[in-house]
Every structure is written in structure tokens, then in C-alpha cells.
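Here is a briefing on one protein model. It covers a helix contact, aromatic pairs and the overall fold.

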Amino acid sequence: MTNTDNRPGNNAGKTKRKKLPPEAVRSCTVTTKMTAAEREKIHATAARCNLTPSDYMRQRALGYEPPSALTAEESALLHNLDGCRVDILNFANALAGMKQDKRIILFQKVSFMLDWYRQIVPITNAVTEFLNSVINGGRLSSRTRKNLTQI
């Protein structure tokens with residue numbers, strides 16, 4: 001027999017919604033008129049920020065700058081950085097697989113260490129800058145883009 005009792009007190013097996021204090025309940029609306037192009041731009045911008053148009057407009061009106069999702073270029077750079085991370089891990093694993101005496105000989109070669117350092121520092125700096133940018137909700141700086149295109 002199916003339970004068809006939908007009274008508020010009969011929520012057996014249903015997830016209960018968290019009760020908000022009265023001052024936190026969003027019950028007021030603001031209506032504004034805009035052109036179709038403006039409406040489309042708001043919807044598109046909100047979608048890039050992974051927000052609903054209502055949440056996007058509320059955040060902007062209250063002075064917040066919502067972080068937008070990655071652009072196609074930034075997404076490609078992220079995949080490039082992931083490839084760099086794999087290269088670094090492969091290098092570290094290759095070193096870990098070497099016998100200690102061979103590793104010591106390798107690292108005592110100044111030319112090898114300088115060459116390795118020149119190649120690895122721009123990659124690690126770009127990864128660090130990218131991660132900090134994402135954490136802080138910002139965009140990639142032109143310096144990061146320039147470094148990554150040179151790699």
C-alpha cells in the first residue's frame with residue numbers, strides 16, 4: 001500500500017529541509033526591465049560563473065565579484081600544466097629508481113643541475129601561480145600565459 005499522505009508532519013523517508021531563521025528567508029523580489037540582449041548577457045555571464053542569474057545579480061548588486069569558470073584558453077593551459085606535473089613526477093620516479101651512488105654522481109654534475117634548474121623553475125613557477133590564481137578566484141596573469149606558451 002502506497003503512502004499518499006502529504007501533510008507537513010508526515011515526512012517519513014523524505015529529506016527534511018533546514019529551517020532558516022526569518023531574516024535569512026529570501027522572500028522579497030526586485031523587478032527590473034531590460035532588453036533581450038542584456039538578459040542574454042546576464043544569463044551567459046552567470047552560467048560562466050556557475051551561478052543562477054538570480055544569484056549572480058544578487059552577488060554583483062551586493063558588491064561581490066563572483067569567480068568565473070575557466071575560459072577555453074585557461075582550460076587548455078590547465079591541461080598543459082597537468083602534463084608538466086606528469087613530467088615532473090616521471091622525472092622524480094626515475095631518480096627514485098636509481099641507485100644512490102648513481103644519483104649522487106648525476107647531481108654532482110654542475111652542467112646537468114643548471115640545465116635541469118633552468119627547465120624546471122619556469123614550470124613550477126607557472127604551476128604555483130596558476131594554483132594561487134585559482135585559489136584566489138582571479139584570472140591568469142599575462143606573465144603566466146607567456147611562460148606557458150614558451151614551455
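Ile42, His43, Thr45 and Ala46 in H1 meet Pro53, Tyr56 and Met57 in H2. Contact here means heavy atoms within 4.5 Å. By class, this contact holds five nonpolar, two polar and no charged residues. The model is predicted: local features need pLDDT of at least 70, side-chain atom pairs count only at pLDDT 80 or more, and totals for chains, interfaces and linings use all residues. Residues are numbered from 1 along each chain as its sequence is written, and side-chain values use heavy atoms, with hydrogens and water left out.

**Classes used above**
- Ala, Val, Leu, Ile, Met, Phe, Trp, Tyr, Cys and Pro count as nonpolar; Asp, Glu, Lys and Arg count as charged; the others, Gly among them, count as polar.

**H1 and H2 geometry**
- H1 and H2 (residues 53–61) pack at about 90°, with axes 8 Å apart.
- That makes H1 roughly perpendicular to H2, a label for angles of 65 to 115 degrees.
- Axes are lines fitted to C-alpha atoms, for helices over the stretch in contact, and angles run from 0 to 180 degrees between N-to-C directions.
- H1 (residues 36–48) has 13 residues and reaches 18 Å from its first C-alpha to its last, close to the 18 Å expected at 1.5 Å a residue.
- The expected span is 1.5 Å times one less than the number of residues.
- Asn50 follows H1 and has a positive phi, near 55°.

**Aromatic pairs**
- The count comes to two aromatic pairs; rings of Phe, Tyr and Trp (its six-membered ring) pair if their centres lie within 6.5 Å.
- The rings of Phe91 and Trp116 have centres 5.8 Å apart and planes at 25°, so this pair is stacked (planes under 30 degrees apart).
- Phe91 lies in helix H3 (residues 72–97) and Trp116 in helix H5 (residues 110–135), so the pair links distant parts of the chain, 25 residues apart.
- The rings of Phe107 and Phe112 have centres 6.2 Å apart and planes at 70°, so this pair is edge-to-face (planes over 60 degrees apart).

**Accessibility**
- Phe91 is partly exposed at 27% relative accessibility, and Trp116 is partly exposed at 29%.
- Phe107 is partly exposed at 30%, and Phe112 is partly exposed at 23%.
- Of the 151 residues of the protein chain, 13% count as buried.
- Buried means under 20% relative accessible area, exposed over 50%, partly exposed in between (1.4 Å probe, protein chains only).

**Overall fold**
- The protein chain has six helices and zero strands.
- Helices (H or I, at least four residues) and strands (E, at least two) are DSSP runs, numbered from the N terminus.
- Among contacts between residues at least 6 apart in sequence, 42% join residues at least 24 apart.

Key: Angles under 35 degrees count as roughly parallel, over 145 as roughly antiparallel, 65 to 115 as roughly perpendicular and the rest as oblique.
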